[in-house]
Amino acid sequence: MEKNNPTITRAWCIYDWANSVYSLVIISTIFPIYYGAVAKNPDGSSMVNFLGWHLDSSVLFSYCISFSYLLVACTSPLLTAIADYSGHKKLFMRLFCYLGSISCVLLFFFTKETFTISVILFVLAAMGYNGSIVFYNSYLPDIATEDQYDKLSARGFSLGYIGSVLLLIFNLALVLKPTFFGIDPQNTSLPPRISFLLTGFWWFGFAQYTFWKLPKRQTPGNRQGSWLLNGFRELKKVWQQVKKLYLLKRFLLAFFFYNMGVQTVMYVATVFGDKELKLESDALIVTILVLQLIAIPGAYGFAQLSKAYGNFSALAVAVLIWVGVCVGAYFTYTENQFYLLAAFVGVVMGGIQSLSRSTYSKLIPSNTRDTTSFFSFYDVTDKMAIVLGTLAYGGIAQVTGSMRNSVLALMIFFFIGLVFLLTIKGKRTQVNQVAA
């Protein structure tokens, strides 16, 4: 592929703009609130029946997220190997994108009567989002030179933050001021369902520009035979390479532990503000919006820091700030303290996400054609970190009776990740360096 082509890199970044609305609207804000309202029973309880199981709606919500992550984590290595072998990376990315966006559109029909099928659609939307990300990320080393990875990765995340905030603001106006849009204020279920519809259309629509401009990966020679069988062979070949790449393995260990803390904080921050600080939902939504906006300069700032001092040093700084965030969260008791803490989270949230993606791109062999397969290991590490991190957070909170103790446990994850980072801090990010 042609590298550093402005049209292609712009199209790649636009997919961040397209799909980030899912994580903000569906995972973090409007959908969880609407889901909780639909699941609430007349007696005030939140117990629901789902496929014969009788359980609390919040537990079902977390199980759905975990199940979608685990399913994608288990299947993505093989699917990415098939994509590399067949040269159909963009096709797989498109299929997952359509699965997720169309599922969001169909959530428009989410009511008490359609609860079971809507929960299944929620799982499919999560699978579509998470499944498309690995193929999307793997384009970075294909379309840019190494000196552009950090900047381009930051640009993608920044566009995602901006796009998701714009749509969320419109959706919030729709929910809070329905009469302005000609909607009967008594019909409280319609505005949030319209927001799910708009999220799916936004994701599907803007992704078309990405699919139009991103080139298809050409495969060498005449590749025939079973995609499945050759996919296994391709995955085995990449795994043999990964075992020899010392820096890449070391980075994945560091990434696993510090990402366990990062992703858990991002998923439970609003829950912490609600349960521990008793903040109103309006204040929590405003906090989420501020987080997205502050993350933009954070992403670019850490890209500049990595340019000056190297990726591993910049990541170590970010992880140290996350340690400080955990300590600060433990001693946070007021609304203003929570806002200040959120500002720090915003700065390092954008920086560590964009820099982790670009750092991993630098550690992939520059002459490989199997970039998608290599990124499947990054994706599996990311998904398993989320599952284990959220389980650890919830388990510690349940046993000790306080989320503050869970926050201290997250600090341990960050420390372990920092130790692994510091062991490779002074080394060059060259893919040819292998274990002696």
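Predicted model: local features only at pLDDT ≥ 70, side-chain atom pairs only at ≥ 80, totals over all residues.
Residues are numbered from 1 along each chain as its sequence is written, and side-chain values use heavy atoms, with hydrogens and water left out.

**View 1. Packing of helix H7 (residues 149-176) against helix H13 (residues 335-363).** The axes of H7 and H13 are 8 Å apart and meet at an angle of about 140°. That angle makes H7 oblique to H13; angles under 35 degrees count as roughly parallel, over 145 as roughly antiparallel, 65 to 115 as roughly perpendicular and the rest as oblique. The axes are lines fitted to C-alpha atoms over the stretch in contact, with angles running from 0 to 180 degrees between N-to-C directions. Residues in contact (heavy atoms within 4.5 Å) include Tyr149, Phe157 and Tyr161 of H7 and Met349, Leu355 and Arg357 of H13. By class, the contact of H7 with H13 has six nonpolar, seven polar and three charged residues. Here Ala, Val, Leu, Ile, Met, Phe, Trp, Tyr, Cys and Pro count as nonpolar, Asp, Glu, Lys and Arg as charged, and the others, Gly among them, as polar.

**View 2. Packing of helix H3 (residues 57-86) against H5.** The angle between H3 and H5 is about 40°, and their axes are 8 Å apart. The two helices are therefore oblique to each other. H3 passes H5 in a right-handed crossing. The contact of H3 with H5 comprises 18 nonpolar residues, five polar and no charged.

View 3. Helices (H or I, at least four residues) and strands (E, at least two) are DSSP runs, numbered from the N terminus. Ser118 counts as buried because its relative accessibility is 2%; buried means under 20% relative accessible area, exposed over 50% and partly exposed in between, with a 1.4 Å probe and protein chains only. Leaving aside neighbours within four places in sequence, Ser118 is in contact with Leu107, Phe109, Phe110 and Thr111.

**View 4. The aromatic pair of Trp17 and Phe206.** A search of the whole structure finds 42 aromatic pairs. Rings of Phe, Tyr and Trp (its six-membered ring) pair if their centres lie within 6.5 Å; planes under 30 degrees apart count as stacked, over 60 as edge-to-face and the rest as tilted. Trp17 and Phe206 are edge-to-face, 5.8 Å centre to centre with 75° between the planes. The pair links distant parts of the chain, 189 residues apart, with Trp17 in helix H1 (residues 6-28) and Phe206 in helix H8 (residues 190-213). At 15% relative accessibility Trp17 counts as buried, whereas Phe206, at 34%, counts as partly exposed.

**View 5. Positive phi at Leu51.** Leu51 is not a glycine, although its phi is positive, at about 50°. This residue lies in the loop between strand S1 (47-50) and strand S2 (53-56). Leu51 is exposed, with a relative accessible area of 60%.

Definitions and conventions: Left-handed = near helix turned anticlockwise from the far one by under 90°.
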